[in-house]
Amino acid sequence: MTGAFAQRHIGTDAAAQRVMLDALGYADVDALVKTAVPASIQVQPRTTSDIPAAATEAEALAELRALASQNGAARPMIGLGYYDTLTPSVIARNVFENPSWYTAYTPYQPEISQGRLEALINFQTMVTDLTGLTTANASMLDESTAVVEGMLVARRASKSRSDAFLVDADALPQTKALLEHRAAALGIRIRYSSFDTSPPADLDVFGAFFQYPGASGRVWDPTEAIAAVKDAGGLVVVAADLLALTLLRSPGSMGADVAVGTTQRFGVPLGFGGPHAGYMAVRAGLERQLPGRLVGVSQDAAGHPAYRLSLQTREQHIRREKATSNICTAQVLLAVMASMYAVYHGPTGLTAIATEVAKKAQALAERLREHGLSVAHEAFFDTLRVTTPGPSERVIDRARERGYQLFWADDATVGVSVDETTTADDLAAVAWAFGLPEGEFLGAGEQGERALPFEGAEALAGVPSTLLRESGFLEHPVFNTHRSETAMMRYLKTLADRDYALDRGMIPLGSCTMKLNAATEMAAVSWPEFSRVHPFAPEADVHGYLAMIEQLEVWLAEVTGYDAVSLQPNAGSQGELAGLLAIRGYHHANGETERTVCLIPSSAHGTNAASAVLAGMKVVVVACDEAGNVDLDDLRAKIAAHADALAALMITYPSTHGVYEHDVLEITQAVHDAGGQVYVDGANLNALLGYARFGDLGGDVSHLNLHKTFAIPHGGGGPGVGPVAAKAHLAPYLPSHPLAQRKDHAGGHVFDGGPVSSAAYGSASILPITWAYVRMMGLAGLKDATAAAVLSANYIAFRLKDHFPVLYAGEGGLVAHECILDLRPLREATGVTVDDVAKRLIDYGFHAPTMSFPVAGTLMVEPTESEDLAEIERFVEAMIAIKAEADAVASGVWPAEDNPLVNAPHTAESVVAGEWAHPYSRETAVYPVHAIVRNKYWPPVRRIDQAYGDRNLVCACPPIEAFA
Ligand SMILES: *Cc1c(COP(=O)(O)O)cnc(C)c1O
């Protein structure tokens with residue numbers, strides 16, 4: 001029986017579903033889904049389940065509180081790329097906890113995304129200013145994957161024929177592990193150098209990587225080594241700490257080609273490892289090599305500046321196996337937060353924070369040295385490596401006794417990192433842990449006198465003056481205006497108001513599953529027991545997290561029919577990569593190293609092909625037939641042609657065409673017979689959950705998108721979680737992590753593949769969302785959600801089929817959870833394009849469906865289970881009205897070059913300024929249906945000229961005069 005929460009989550013109630021079912025001619029919703037899903041793959045009812053019956057919202061919160069209380073409250077001083085930070089409350093409340101920001105989608109429709117695009121261009125400006133390079137993207141998934149992508153930029157752009165990449169021995173341990181794992185699949189050799197005697201003699205490399213400051217805290221001058229690598233034809237990638245860069249020379253000024261890193265400590269909670277935004281910036285000339293999303297400035301139909309995504313032709317959607325990377329979902333919400341931290345503090349505030357951090361480290365080092373301890377480096381920013389008098393374990397235990405986590409570097413060395421949250425009391429406790437007398441740190445002053453004892457310390461005392469920053473940064477007005485909380489709150493509101501998110505109306509994006517992100521699901525993410533946890537905290541301090549993760553692994557394995565689940569991948573694309581690397585590991589373990597071909601249907605999502613290449617595989621495309629299904633004959637021919645080289649087939653189920661393929665069992669069998677493994681892309685799980693399982697379809701491994709099917713919000717283009725789920729034979733090759741608290745996972749499986757993320761459990765802090773979703777829905781509720789989603793998609797297909805042909809359908813003429821509307825006939829008949837319809841929908845108060853994927857000239861509509869019938873009808877009526885407008889163009893009522901469609905979207909300015917000279921009324925322009933008069937969403941810009949922005953590439957904040 002459906003629980004109370006499921007009735008809140010599912011938008012259509014029994015009466016609404018009755019109306020829809022009557023229209024479609026089905027007795028009940030279960031009958032509809034059972035007609036659509038092929039009988040051969042439907043799950044048998046289960047007698048036992050590990051998923052408990054649905055909890056109420058209050059019960060789920062209470063259980064989450066209990067889990068949270070099992071995470072220790074120790075203060076992390078571990079460093080290694082993760083620092084505690086003070087999220088300004090104005091940003092926590094108005095961004096992090098604000099559905100206007102967190103429920104938006106990736107800004108593919110730029111006219112209704114100007115707010116977050118501005119926030120992201122602020123992010124890019126912040127990164128380029130601090131790194132001293134010309135172009136930055138928004139954003140990378142984390143620091144270590146950004147380093148890997150930096151290595152790949154170097155390989156693409158270097159003229160060197162070498163297969164070697166030189167890596168700083170003082171790189172973060174997780175970065176080294178990622179580099180080794182990813183390089184192995186691509187035939188790249190990793191060589192290490194400590195750069196003690198710079199530069200190393202053998203520079204036959206295509207590039208080099210430096211950590212700045214080093215993992216050990218060391219600050220040194222890599223300029224000479226950088227020049228040497230470049231002279232030898234290599235490119236240089238530097239991972240730099242942005243807070244340190246407010247005081248230290250920028251990588252760009254030292255000659256780096258690429259800078260990467262994390263923006264976590266700019267106000268983004270630790271969250272046990274994520275999500276946080278990574279960054280990448282490149283020097284001029286490398287823009288086209290940049291992976292990921294890049295925001296740029298273009299202009300709208302009125303010639304006003306407007307933001308949009310630039311150079312999209314680099315991306316996997318278009319370039320597929322030739323793409324610069326497989327990144328799709330990035331870390332938009334976290335990039336917005338980090339950029340707003342810079343907007344709020346400005347250059348002066350950031351410099352002050354960095355200076356205080358450096359002083360604290362300096363003061364601690366001085367006290368330790370005064371007491372005869374040896375601190376490794378003279379020059380450091382925030383991190384010390386201290387030689388301990390006895391075993392390092394003893395110091396770490398003493399610190400833990402006082403509630404602090406230090407880093408065990410080796411038997412006689414402890415690492416300590418300070419951050420903006422570190423207080424004098426914290427420093428005193430740490431000094432005590434090292435054996436200094438009680439209260440030593442508080443200095444000569446009276447007890448209770450808290451004159452900061454580090455005030456007098458000299459920041460960066462040991463850093464050579466040549467390494468100090470001289471250039472200014474964040475000089476743009478946006479970083480120098482919003483100082484009061486009132487101003488900041490209003491800036492955030494102004495930007496949020498420009499955007500269309502789920503808090504305004506439906507976002508029927510096919511293949512994206514924009515369902516409800518319930519408030520109860522979101523609550524725990526902000527709790528300090530989940531948010532202020534370091535990813536490398538000792539196991540004893542993260543029992544709550546580990547228990548929750550284990551439960552989720554069990555639940556997700558059960559609903560997908562797999563044996564083991566890793567939650568490490570930070571997006572679907574990373575789950576794909578992890579799954580393909582597991583397949584590679586399996587073939588290698590069996591001595592079948594020649595299995596490198598990955599078959600991918602032509603309809604597949606672009607990430608599939610891009611991920612296969614990153615896993616060292618060769619992509620062979622399989623044709624689809626007219627019905628949109630995999631062409632079985634072509635599949636068999638391709639299998640035969642590659643026989644012993646077949647590594648895998650990647651197939652999406654239900655297909656990206658939104659139909660349940662009938663032959664799926666035959667397809668997977670054919671691949672297995674030839675010795676290949678089957679990867680089922682699980683992005684469309686919302687069409688299947690509770691009715692069929694990938695493991696039963698013959699899948700060996702899948703990724704899921706928790707930010708689609710399992711209620712994690714899209715954040716305007718990230719974060720995401722892309723767990724990889726596999727059968728037992730692939731489990732040993734799933735991602736491990738050198739600093740994981742546990743090696744074993746649910747079901748007793750031990751994962752031993754290399755890592756694919758900086759943190760062992762990826763974006764752990766958003767897992768409570770999915771945990772709460774499953775806990776409150778229960779198995780029955782999840783199944784009901786699937787049925788409601790499929791019903792709504794079919795109802796929309798039914799209501800619109802006389803106006804727009806539905807491109808593909810399966811059994812009983814039914815679609816799955818989404819439907820593709822073919823707008824090509826409309827274009828032929830009327831000249832109105834899919835773009836015109838998408839932009840006209842904005843005038844009607846809607847976010848457009850997915851445009852031209854997987855078929856050019858179409859719209860793919862996915863309503864999800866969360867939309868109610870009234871909203872669905874509003875959308876259907878808008879589409880029908882737009883069709884009528886297109887017909888009016890065709891019949892000559894309006895000229896082809898001047899009608900409400902080609903001119904859409906209409907801004908307020910466009911209908912009030914000057915003479916109205918169009919052949920349709922202003923009311924038709926902006927109030928095409930009367931119902932929206934009171935609820936009008938006003939787009940801030942008119943249609944944006946995409947090509948102009950690519951021809952005139954500007955990817956940093958434009959001067960404010962541009963908006964005059
Ligand atoms: C969304 C999607 C992906 C990629 O997932 P991300 O989380 O955006 O990386 C892969 N395949 C399909 C079919 C998708 O819809």
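Helices here are DSSP runs of at least four residues, numbered from the N terminus. The model is a predicted one, and helix 14 in it spans residues 392-401.

Glu-393, Asp-397, Glu-401, Asp-410 and Asp-411 together form a negative surface patch. Helix 14 gives the most to this negative patch, contributing 3 residues. Glu-393 is one of the patch residues and lies in helix 14. The relative accessible area of Glu-393 is 42%. A patch residue must have over 30% relative accessible area and no salt bridge, so Glu-393, at 42%, passes the area cut-off.

The next element is a sheet. Strands of a sheet pair through backbone hydrogen bonds, in either a parallel or an antiparallel sense. In this open sheet, 4 strands follow the order 11-12-15-14, with antiparallel pairing. Strand 11 (374-375) and strand 14 (407-410) are its edge strands, each pairing on one side only. Asp-410, a member of the negative patch, falls within the range of strand 14. Strand 12 (residues 383-387) pairs with strand 15 (residues 413-417) over 5 bridges, in the antiparallel sense. Val-414 in strand 15 has Val-386 opposite.

Strand 25 and strand 27 (residues 858-861) are joined by 4 bridges in the antiparallel sense. Across this pairing, Asp-822 stands opposite Thr-858 of strand 27.

Definitions and conventions. Residues numbered from 1 in each chain as written. Predicted model: local features only at pLDDT ≥ 70, side-chain atom pairs only at ≥ 80, totals over all residues. Heavy atoms only, no water. Patch = residues over 30% accessible without salt bridge, like charges linked within 9 Å, V, L, I, M, F, W, Y side chains within 5 Å. Areas by Shrake-Rupley, 256 points an atom, 1.4 Å probe, with all protein chains shown as cover. Salt bridge = Lys/Arg side-chain N within 4 Å of Asp/Glu carboxyl O. Lys, Arg positive; Asp, Glu negative; His and termini not counted. Charge placed at Lys NZ, Arg CZ, Asp CG, Glu CD. Helix = DSSP H or I, 4+ residues; strand = E, 2+ residues; numbered from the N terminus. Buried < 20%, exposed > 50% of the residue type's maximum accessible area, 1.4 Å probe, protein only. Pairing = 2+ DSSP bridges.
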